[in-house]
Amino acid sequence: MASTEKVTSAMKMISSAKMHKSEQALKRLVPFRSQIETVMGHLLEAGGEYNSPLIEVRDVKRLSIIVFGSDDGLCGAYNINIFKDLLKYMNECRAQYGAGVEITVYPVGKKMARAARKLSGDHLSVEEAAINTRSTGAAISDFTESIKNSFLQKQADKVAVVYMHYKTPSRQKLQIDQLLPVSQEAIAAASGKAADGKPRNENAPCIFEPDANAIFNAVLPLYINSVMQEVSTENCASEAAARVMAMQTANDNAQKLLEELQLEYNKLRQQGITTELLDILGGQVER
């Protein structure tokens with residue numbers, strides 16, 4: 001029992017270190033994301049008309065869903081909760097777009113891939129994702145590029161991402177974001193503007209070279225890539241945090257069980273001593 005407690009404590013420490021590493025990675029992503037948002041803010045402040053195939057809204061007949069899980073176990077109900085919300089989201093999409101909508105699921109992580117392979121039904125397919133929870137930034141960028149190309153080639157009319165949003169070590173929230181087409185609300189939020197188009201922060205006047213629309217089309221893919229990089233990192237942090245909590249729970253349960261067994265052992269030991277004393281006293285009385 002003591003060895004079990006040592007194992008869970010060690011795994012908790014390892015998971016905690018991984019979680020802090022992911023937190024640092026999230027902080028390193030902030031300058032890149034902030035710079036892109038600043039550029040988009042300047043572009044929208046210019047008040048021009050912007051056209052891009054990445055913001056084209058089409059009737060949804062083909063839907064791609066990228067769902068992030070874990071490669072390893074021992075993280076409690078982490079994957080189960082994500083999978084349940086994935087099923088709920090697919091049912092909502094069928095109700096919104098019709099039962100005939102073609103859904104393609106891209107599971108990230110061995111545990112999620114194993115669960116996704118059990119999905120069955122008409123107009124539903126599961127494709128192997130080219131990344132996992134340990135993929136490098138370059139691999140995630142390549143995967144994002146392939147997803148973007150499938151949208152541009154009209155193999156998908158909408159792309160959504162299902163993942164755990166990391167808030168604090170003890171709090172993660174399931175998030176479902178629309179990756180493609182990039183929504184007006186997402187652009188407004190990224191640029192610091194309210195949903196009604198009014199700026200939240202004033203940007204200095206800018207002269208664009210080349211024209212603003214060309215810059216917009218160059219920045220938008222970078223924005224999509226930054227979103228995927230952040231989602232992947234948040235998933236890693238959330239997975240590690242879930243494993244920390246699972247190991248803490250296992251450690252507490254082991255400690256509680258150890259105390260109960262120790263109490264039971266003491267009772268049996270005391271009972272044995274009492275029985276032996278009674279036998280000794282009984283023998284003396286017989287003499």
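Analyst: This is a predicted model. Among the elements of the chain, S1 has the highest mean pLDDT, 96. Helix H5, residues 184–191, has the lowest, 69.

User: And what is the mean pLDDT of the chain?

Analyst: The mean is 83. 87% of the residues reach 70 or more.

User: Where is the pLDDT below 50?

Analyst: Over residues 193–197. That stretch still has eight contacts in the model beyond near neighbours in sequence. Where pLDDT is low, the predicted coordinates should not be read in detail.

User: OK. How many helices and strands are in the chain?

Analyst: Six helices and five strands. From the N terminus, the order is α-β-α-β-α-β-α-β-β-α-α. Buried residues make up 39% of the 287 residues.

User: What share of the contacts is between residues 24 or more positions apart?

Analyst: 76%, taking the contacts in the chain with a separation of 6 or more.

User: Core next. Which residues touch the most other members of the largest nonpolar core?

Analyst: Ile-66, Phe-68, Leu-179 and Leu-180, in a core of 34 residues. Elements that each supply at least two residues include helix H1 (2–45), strand S2 (102–108), helix H4 (137–152) and strand S5 (171–180). H6 gives the most, with ten residues. There is also a second, separate core of 25 residues, which includes Val-67, Cys-75, Tyr-78 and Ala-115.

User: What does Phe-68 touch?

Analyst: Leaving out residues up to four places away in sequence, its contacts include Ile-82, Val-108, Met-112, Val-161 and Tyr-163. Met-228, Val-231, Ser-232 and Asn-235 are also among them.

User: Now the strands. How many bridges join S1 to S4, and how do they run?

Analyst: Five bridges, and the two strands run parallel. Ile-66 stands opposite Val-161 in S4. S4 is also joined to S5, by nine bridges, and that pair runs antiparallel.

User: What do S4 and S5 form?

Analyst: A hairpin, with two residues between them. Thr-168 has Arg-171 in S5 as its bridge partner. S4 itself is mostly covered, with eight of its eleven residues buried.

User: Switching to H2. What should it span?

Analyst: H2 covers residues 78–97, so 20 residues at 1.5 Å each should span 28 Å. The end C-alpha atoms are 29 Å apart, which agrees.

User: Which residues of H2 are buried?

Analyst: Tyr-78, Asn-79, Ile-82, Phe-83, Leu-86, Tyr-89, Met-90 and Cys-93. They cover an arc of only 120° around the axis, so they sit on the same side of H2. An α-helix has 3.6 residues a turn, so residues three or four places apart point the same way.

User: What is exposed on the other side of H2?

Analyst: Lys-84, Lys-88 and Ala-95. After H2 comes Gly-98, whose phi is positive, near 105°.

User: Which residues other than glycine have a positive phi?

Analyst: His-123 is one of them, with phi near 60°. Lys-154 is another, at about 60°. His-123 is in the loop between helix H3 and strand S3, and Lys-154 is in the loop between H4 and S4.

User: Are those two buried or partly exposed?

Analyst: Partly exposed. His-123 has a relative accessible area of 36%. Lys-154 has 46%.

User: Which peptide bond is cis?

Analyst: The one from Leu-180 to Pro-181, with omega near -10°. Pro-181 is in the loop between S5 and H5. For background, most residues other than glycine have a negative phi, and most peptide bonds are trans.

User: Last one. Where is Tyr-50?

Analyst: In the loop between H1 and S1. Its relative accessibility is 13%, so Tyr-50 counts as buried; the cut-off for that is under 20%.

User: What is Tyr-50 in contact with?

Analyst: Leaving aside neighbours within four places in sequence, Tyr-50 contacts Leu-43, Leu-44, Ile-55, Ala-212, Asn-213 and Phe-216. Tyr-50 and Ala-212 are 162 residues apart in sequence. In space they are 7.9 Å apart, C-alpha to C-alpha.

How values were computed
Residues numbered from 1 in each chain as written. Predicted model: local features only at pLDDT ≥ 70, side-chain atom pairs only at ≥ 80, totals over all residues. Heavy atoms only, no water. Core = buried A, V, L, I, M, F, W, Y, C linked by side-chain atoms within 4.5 Å. Buried < 20%, exposed > 50% of the residue type's maximum accessible area, 1.4 Å probe, protein only. Helix = DSSP H or I, 4+ residues; strand = E, 2+ residues; numbered from the N terminus. Contact = heavy atoms within 4.5 Å. pLDDT = per-residue confidence, 0-100. Expected span 1.5 Å × (residues − 1). Arc of directions from axis to C-beta. Pairing = 2+ DSSP bridges.
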